[in-house]
Amino acid sequence: MKPICAYILMAVASVMVCSASYAAKPLSKQGKRVAKALMSTNPNEWQLVESIDLKFDTYHPQGMLKVDDTFYITTVKVERRPRYTRQGKQVSVMDEGAGKGYLMQFDAGGNLLKCIELCEGTIFHPGGMGFDGRYIWVPITKYYPYSRSLIVRVDVRSHQVEKVCYVDDSIGAIIHDTDNNILVGANWDADEFLTWQLDSALEVKDAELTAAERRHANTAKHLAIQDSKYIGSGKMVGFGLKNGPKGRVGGFDVIDTRTFEKLRSADIELRTPRKSIVSGNPSTIEIVGDKMRLYFAPEDNKTTLYIYQTQIKK
């Protein structure tokens with residue numbers, strides 16, 4: 001195993017938004033086909049077509065993207081776990097914990113290409129991320145519910161990191177809805193969704209709103225979203241975990257980004273050879289020809305990328 005972060009690019013800075021063309025095609029450009037595939041697929045018929053062992057320490061992976069021929073994961077190295085008690089939204093913290101967050105890029109052979117440190121003091125836990133064709137949007141939070149998060153974006157061409165905003169909540173996953181130019185974040189276990197309106201320069205337009213004013217309640221017995229992706233036409237998909245009749249299972253929800261209506265919810269019962277639920281953490285998808293390909297990496301430290309495939313129903 002290679003040591004983590006052979007080099008670290010730390011560039012949390014103010015970066016001008018330029019008008020150059022986007023570097024890669026986001027998932028939303030395949031929106032209609034992605035939505036059709038997700039609305040009709042049976043997850044338990046997905047076929048495992050490849051497993052790739054990652055050749056570096058991954059710590060505790062959280063989110064994943066595929067950009068052209070390379071992959072990105074967010075991950076957290078927990079040096080000291082937080083200690084807290086919780087009653088609903090009331091959280092009493094004894095120790096905020098300590099750690100480091102990273103955005104790692106790797107190739108299709110599982111080789112580490114870049115490691116970008118993403119943390120600020122006790123805000124060290126990056127989550128599920130979105131990609132809009134130029135920027136990777138990442139939430140970084142303190143490691144307990146209803147805490148504080150920093151939203152950043154990473155230019156996929158230069159890997160420069162720009163702070164976008166802070167929010168007094170623990171954001172675990174985020175997407176950029178490019179049709180409505182809003183950010184949609186899911187907080188701890190996706191109890192609620194939070195939104196930010198962006199302007200044409202991708203700056204937060206409604207910065208005066210509090211976290212409470214941004215929140216939209218999720219439904220009861222909802223999916224605890226771990227990673228999410230914008231799939232176009234005002235829709236997002238969230239992958240995660242939930243409680244089923246026989247215990248914990250995986251699942252995905254297709255969600256309207258304006259009303260937060262669940263357009264489809266499906267259970268995922270697939271598990272890895274190590275018995276991990278496949279959608280437990282990093283998850284992403286793409287359309288290749290007449291097939292939908294799904295990528296999962298649920299296991300810590302010595303991580304395997306599991307690639308599933310299914311035919312898109314006509």
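**Salt bridges, cysteines and pockets**

In the predicted model, lysine 242 and aspartate 267 are joined through their side chains by a salt bridge, with an N to O distance of 2.6 Å. This pair connects distant parts of the chain, since lysine 242 belongs to strand β18 (residues 235-244) and aspartate 267 to strand β20 (residues 262-268), 25 residues apart. The two partners fall into separate accessibility classes: lysine 242 is buried, at a relative accessible area of 17%, whereas aspartate 267 is partly exposed, at 31%.

A second pair that links distant parts of the chain consists of glutamate 299 and arginine 274. Their side chains form a salt bridge with an N to O distance of 2.9 Å. Both residues lie in loops: glutamate 299 is in the loop between β22 (291-296) and β23 (304-311), and arginine 274 is in the loop between β20 and β21 (283-288), 25 residues apart. Glutamate 299 is buried, with a relative accessible area of 5%, while arginine 274 is partly exposed, with a relative accessible area of 43%. Shared partners also join salt bridges into a network made up of Lys89, Asp169, Glu192 and Arg215.

Arginine 153 and glutamate 162 form a further salt bridge, in which the closest N and O atoms are 2.9 Å apart. Here arginine 153 is buried, with a relative accessible area of 1%, and glutamate 162 is likewise buried, at 7% relative accessibility. Over the whole structure, the search returns 19 salt bridges.

Cysteine 119 counts as buried, at 13% relative accessibility. Cysteine 165 is also buried, at 13% relative accessibility.

The largest pocket has a volume of about 370 Å³. It is lined by 21 residues, and those closest to its centre are Gln62, His125, Tyr143, Trp188 and Gln226. Two elements, β2 (60-67) and β17 (224-232), each give two or more residues to the lining of the largest pocket. The largest share comes from β17, which supplies three residues. By class, the lining of the largest pocket comprises seven nonpolar, 11 polar and three charged residues.

The second largest pocket holds about 280 Å³ of space. Its lining consists of 15 residues, with Lys25, Pro26, Leu27, Lys66 and Glu286 nearest the centre. The elements that give two or more residues to this lining are β2, β9 (130-131), β17 and β21. In the second largest pocket the largest share, three residues, is that of β21. The lining of the second largest pocket divides into seven nonpolar, three polar and five charged residues.

Key: Residues are numbered from 1 along each chain as its sequence is written. This is a predicted model: local features need pLDDT of at least 70, side-chain atom pairs count only at pLDDT 80 or more; totals for chains, interfaces and linings use all residues. Side-chain values use heavy atoms; hydrogens and water are left out. Buried means under 20% relative accessible area, exposed over 50%, partly exposed in between (1.4 Å probe, protein chains only). A salt bridge is a side-chain nitrogen of Lys or Arg within 4 Å of a carboxyl oxygen of Asp or Glu. Helices (H or I, at least four residues) and strands (E, at least two) are DSSP runs, numbered from the N terminus. On a 1 Å grid over the protein atoms alone, a cavity is a set of points where a 1.4 Å probe fits but cannot get out, and a pocket is an open set with protein on both sides within 12 Å along at least five of seven lines; lining residues have an atom within 4 Å of a point. Grid points are joined across faces, edges and corners, and a volume is the space filled by probe spheres set on the points. Ala, Val, Leu, Ile, Met, Phe, Trp, Tyr, Cys and Pro count as nonpolar, Asp, Glu, Lys and Arg as charged, and the others, Gly among them, as polar.
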